[in-house]
Amino acid sequence: MAKPPLSMKPTGWFQVAWSDEIGAGDVHPMKYFDREMVAWRTQSGQVTVMDAYCEHLGAHLGYGGRVEGEVIQCPFHGWQWNHEGRNVCIPYQDRPNRGRRIRTYPVAERNASVYIWHDVEGREPYFDVPDIFADFGDKTAADYYPQQRLFRQGLELHPQYVLENGVDFAHFKFVHQTPIVPVFTRHDFAEPWSYVDFTITFEGDDAQKIEDVNSGVEAINGGLGIAVTKSWGMIDNRTISAVTPVDDCTSDVRFMVYIGRTPGRDDEKTADRARLFGDEVIRQFTQDIHIWSHQRYSDPPALATAEYEGFTAIRKWAMQFYPDGLSGSAADLATRG
Ligand code: FES
Ligand SMILES: [Fe+2]
């Protein structure tokens, strides 16, 4: 496998599940960032994500663990652990073990997704998860049909590949068959959230001028793990792409599309057309995945003059999310041996 020269342990928010995969009382084993984890939801509705192994004798809570009210009970000897990973009951002793704690991860549920905060240094979250509706400040989920989804597991790609797509104007024509090359109107890489806007069209022929195009996309990257986009001037669609490292070589990719409802049109035919359009947006994303999952990260890359600014900015921005000593630069790693 091609091990990317970028750390697969970046800091930030990363999607680990969809909310409806973890109902009240459910226990969900999973592996991210090279760690066995378990996600579970209490009867009152709170989701906890924590390391999977019981601190007693090491049973994996994801295989046979049970939610009892507000705690999870280990299948091996019945010890119970709460949402902070603290032991609250040893069934055959009058007091719990207050010293041992299972590592838990900060959790955010938003846009029907479950995100965890990952940071090898154990810092608390210092930026927020973008919300596909609130952060564009206009519409709400009620204005859209239900989310359509794509889930691809264990692909050999790094989250940064996906974000670099956001400054890669030249790929649209070749990967997505846009008639003309889009133009970027905003590149803002000042904060942990970055903003990229561009003018783009999927219609017409290659004789049109970009100055005459009246449609585009606005994107917010919430760290390396999550990007949300809003389109304007075309069929109303919003997307979330979320890439989460599984181990040192592979990531899980989740992609979500919302298609806008047409005011006054509640019929099946309109809904069907929206679903087909959502399928098309997902199909376009799979064209990118096909490239990314076989790509080798190029550093330093050979860039055309017009690409230099965007790629330099996004790669510099990405560096802040890598732990010290595991930087985002392949060249750095090479000189350190
Ligand atoms: S290993 Fe979990 S209770 Fe013993
Ligand atoms: Fe793309």
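1. Strands here are DSSP runs of E with at least two residues, helices are runs of H or I with at least four, and both are numbered from the N terminus; two strands pair if DSSP finds at least two bridges between them. Strand 7 (residues 80–81) is joined to strand 8 by two bridges, and the two run antiparallel. Trp 81 has Asn 87 of strand 8 as its bridge partner.

2. Before going further, a word on what you are looking at. This is a predicted model, in which local features need pLDDT of at least 70 and side-chain atom pairs count only at pLDDT 80 or more, while totals for chains, interfaces and linings use all residues. Residues are numbered from 1 along each chain as its sequence is written, and chains are lettered from A and ligands numbered from 1 in the order in which they are written.

3. Now for the overall layout. The chain is divided into domain 1 (12–118) and domain 2 (141–321), with bounds that come from an automatic or database domain assignment. Taken over C-alpha atoms, the centres of domain 1 and domain 2 are 33 Å apart. Twelve residues from domain 1 and 15 residues from domain 2 make the contact; residues are in contact if their C-beta atoms, placed from the backbone, lie within 7 Å. On the side of domain 1 that touches domain 2, strand 1 (12–18) and strand 2 (27–32) are the elements that give two or more residues. Strand 1 gives the most to that side, with five residues.

4. UniProt, in an unreviewed entry, places the feature "domain: Rieske" at residues 13–116. Its positions are given in the numbering used here, feature names are shortened, and annotations may be inferred rather than shown by experiment. In the model, the span 13–116 is 0% helix and 43% strand, and its end C-alpha atoms lie 5 Å apart.

5. Strand 4 (residues 47–51) deserves a look. Four of its five residues are buried, so strand 4 is largely enclosed by the rest of the structure. (A residue is buried if 20 or more other C-beta atoms lie within 10 Å of its own, exposed if 12 or fewer, and partly exposed in between; C-beta atoms are placed from the backbone.) Strand 4 pairs with strand 3 (residues 35–41) in the antiparallel sense over five bridges, and Arg 41 stands opposite Val 47 of strand 4. The hairpin of strand 3 and strand 4 has five residues between the strands, and Gly 45 there takes a positive phi near 110°. Strand 4 also pairs antiparallel with strand 9 (residues 104–105) over two bridges, where Met 50 has Thr 104 as its partner.

6. Next comes the seven-stranded open sheet, in the order 12-18-17-16-15-14-13, again with antiparallel pairing. Strand 12 (148–155) and strand 13 (183–188) are at its edges with a single partner strand each, so one side of each has no neighbour in the sheet. From one strand to the next, the twist averages 15°.

7. Axes are lines fitted to C-alpha atoms, for helices over the stretch in contact, and angles run from 0 to 180 degrees between N-to-C directions. Among the buried residues of helix 3 are Ala 274, Gly 278 and Trp 292. The buried residues of helix 3 pack against strand 12, helix 1 (159–164), helix 2, strand 17 and strand 18.

8. Finally, some backbone details to check. Asp 299 and Pro 300 are joined by a cis peptide bond, with omega about -5°; Pro 300 lies in the loop between helix 3 and helix 4 (308–319). Asn 111, in the loop between strand 10 (107–110) and strand 11 (113–118), has a positive phi near 50° although not a glycine. Asn 111 is buried, with 23 other C-beta atoms within 10 Å. Gln 177 also has a positive phi, near 55°, but counts as exposed, with 10 C-beta neighbours inside 10 Å.

Terms used. Contact = placed C-beta atoms within 7 Å.
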